[in-house]
Amino acid sequence: MSIGKILIPALLLCGLAARGAAGKVLVRWTQHTIPAAKSLGVMEIAIPWSSDAMDFAQAAHAKGYQVYFEVPLQQAETTAEAAAKAGIAGLILAPSLAEQQGAGDILQKLRLAYPKVSFRILLSNGKEPRMKGQIVSQRNGVLQETSATAQPWVESNLALVRLAQESHLDQRPLYSFAWDDSDPLQKQLGRDAADYELAIAEAGAFHADLILELSENLQKSLANDAPEAWTTWKQVQRFVDFYHRGNRDVPESVASVAVWTGDANGSYEPVNLMARHNIPFRVLSKKDLSTSGLKGMDVLVYFSAPTKEHTGVISDFAMSGGTVVLVNAHGTFPWQSTTPARHSDQANVYTVGKGRVIEFSGYITDPETFAQDIRRLMSKERTPVNLWNSLTTLVVPYRDPRTDQIVLELINYEQEPLQVQVQVRGRFASVRYESPEQGCCEALTPGFVDGFTEFVVPHVVIGGRVHLQTASQKDEPAKK
Amino acid sequence: MRWSRSSVAGLLLAVFNASSAAAPELTLQMFHKQKYIMGTVFEVVLYDTSAEHADQAMDAALEEIVRLDWVMSDYKPDSELNKLNRTAHFQAQKVSPDLYRVMTESLRYSKLSDGKFDVTIAPLADRWKAVLRGKPVPSAEEEQALRACVGYEKVELIPPDQIEFHSPCMRIDLGSIGKGYAVDRAAEVLRVHGIKIALINAGGSTFYGMGAPPGSAGWLVHLRDPSQKIDPQVTLCENTVSTSEQTPKSLLGNEPAGHIIDPADGLPLKTSYALSVVATSGTASDALSTTLLLVGPEKGKGLVEGIKDAAAIWVSAEGHTEMASTGPQIRTGGTSQGRSSTASSKQELCCTEK
């Protein structure tokens, strides 16, 4: 089952979910006792729905938690009724794959029937964030496959979040993932602080909400007040605090590549690889696919056959200098009246005004090469941010719309200290770096080359944030 | 505990210490560790009876590769190689034993291949890497100027430890041999730590198999198959395999480029083959993989015939294969196509000894 097939209905449902959710970590609690919310430093917990969940929810509520029930869709109505009576904060609906098509209707009915209960839809198909090697443990030994030297494979949830985030601007995506404990000893040993920290850093950097699954051992040890467990959790808490603090202002993402996913099934993996290659992209909503919505974009990747209305937008975008990549878009289009400027087995390249339209005739069977092709199509001078020698790191650029200041979120999936070389479009007099481990803020020395600011972040361990200000922004008093 | 850092797989095998009937039964466990080095992920898998000992051995092996990255990196400005690249045009430079050894090996393969394998390709390779990042292809004049910087004959090794360049714009790139050398050194470190069964993976392009996992004849490695029809395989036991393949063609009809440059014409190699080569060391298989991809199967088979205990397979995107072997077996689709049955016996013997 492709992740895209699971994704589309879930994304549609997200648009119907509650507004105004903050960028938060919810802890999924599965044990019968829990420490006080004040100690845990996380105020919201998600409890998988069961017959005795209500009793535990009330006990947790008494300890200071806002409690959400995670419920299968078919039990949502009965649970909602009980939740409304018991003062439960809300329900997180986890539709199965088969239920996703009908979940929107059920959600609307629930909202009307229980206006005081918050309802959210969970993207339960997140991935454990990590850097992966190639070795696959199998029952009969170790299976290997050789290749040309491979870049580190990074499992990230950026595509999942971006597809949800930009399609449905009225709420933050909420996702969860299951730890890969296929190895029994790994399962027995559980996870260390760095694993939880990376998961939190990733969700925080992507401005998404996360239901974090804690190992049974850690939950039990925390509930039993075991000092070692609390030492681990105190480390994790720094990340919860850091990313909660950073998410308050909700800046907008910065991108030069626009993505239209008419066919999310076919687009998920290419978008995932674009994310992995640090291509700053934005998934367009219906209202964004317009001439004004594409302003400032360099490349438009369009994953379906264009409608008549969109054909005009595409032509306008190319005429003004943009590059359009149409994937599997069979049909007759105005730009085809000219001879292709270039032709290959699967692609025709048409010159349109100052720009070009590239028609790719098939499905994308090699998303890695496709993503690298998109990077090559981006004009260097319009690329918002580049990283060098940092193949295990993702960067997500944001702009604060009130101040125009740029913020870069860095996530290092290797979880080992890494020196990261960064190039940001524009001239910034002040470059400051903060991280959960080191706090705020270390001043970095910028250099200026060809319209870009360059600097080195000397020590990215798991996650961190770079603040860039121009000379005039630097001189302004700090705004609240 | 992260799987990515260090963990123990579920394959637990009881082994009996034959030296003493009274000795306690030990449990042989499989351990795994990975680290990002040289722009890729190096992985070590090994079998041992002690988690602590295994951890120490894996750390030491990976640290050895980190150390060698500081010797051979062309990305780190302060690496020993980059210092050499900045200074060896002026006068002979004293270098570390590692750098001298890997340069000696490099020049040996350059001579063996009549210059097809050439670590002085850096000026051209870097220019074509820039094309992969979106820069225009070099003009004929630019290309000619860059080609003048290339040529292994312009590198002089002065025993026991000095290197001099006889070209003002020469630069060395050890990308086609360095990871293989690092794998060899890491294997040595594991041996020093008493490890007898291990697999080292350098980003998928070179694997080193030490000994054999319990109950098997060696480490089964599937080889790169761009056709997805052939499924070539090799069982490693005290030997290595490396794979080379040109950068995949652009899907969108962008300008052709590639990271493997043919020194003969200074242009990215055009081939649809993926090449895998088995040899007795990572240094050899890494260097040979680039060499044999560049020379192609016709000449490459002859080269393989002259190398002891080597085997190679070229697999095209269409599923056409060419093979050569002086010992090790490369099987395809579950059938053995190595020409030497004695190679098979030898491999099993090797692994039986462990």
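**Exercise 1.** How many residues of domain 2 of chain B are in contact with domain 3 of chain B, and how many residues of domain 3 do they touch?

*Solution.* A note first: this is a predicted model, in which local features need pLDDT of at least 70 and side-chain atom pairs count only at pLDDT 80 or more, while totals for chains, interfaces and linings use all residues. Residues are numbered from 1 along each chain as its sequence is written, and chains are lettered from A in the order in which they are written.

Step 1: locate the domains. An automatic or database domain assignment places domain 2 of chain B at 80-165 and domain 3 at 211-354.

Step 2: count contacts (C-beta atoms, placed from the backbone, within 7 Å). 20 residues of domain 2 of chain B meet 16 of domain 3 of chain B.

Step 3: name the elements. On the domain 2 side, α3 (97-112), α4 (122-132) and α5 (140-147) of chain B each give two or more residues. With 6 residues, α4(B) gives the most to that side.

**Exercise 2.** Explain why helix α6(B) is largely enclosed by the rest of the structure.

*Solution.* Step 1: find the helix (a DSSP run of H or I, at least four residues, numbered from the N terminus). In chain B, α6 covers residues 178-192.

Step 2: apply the burial test (20 or more other C-beta atoms within 10 Å of a residue's own, C-beta atoms being placed from the backbone). 11 of the 15 residues of α6(B) are buried, so the helix is largely enclosed. Among them are Y181(B), V183(B) and L190(B).

Step 3: look past the end. Just after α6(B), G194(B) has a positive phi of about 85 degrees.

How values were computed: The expected span of a helix is 1.5 Å times one less than its number of residues. A residue is buried if 20 or more other C-beta atoms lie within 10 Å of its own, exposed if 12 or fewer, and partly exposed in between; C-beta atoms are placed from the backbone. Two residues are in contact if their C-beta atoms, placed from the backbone, lie within 7 Å.
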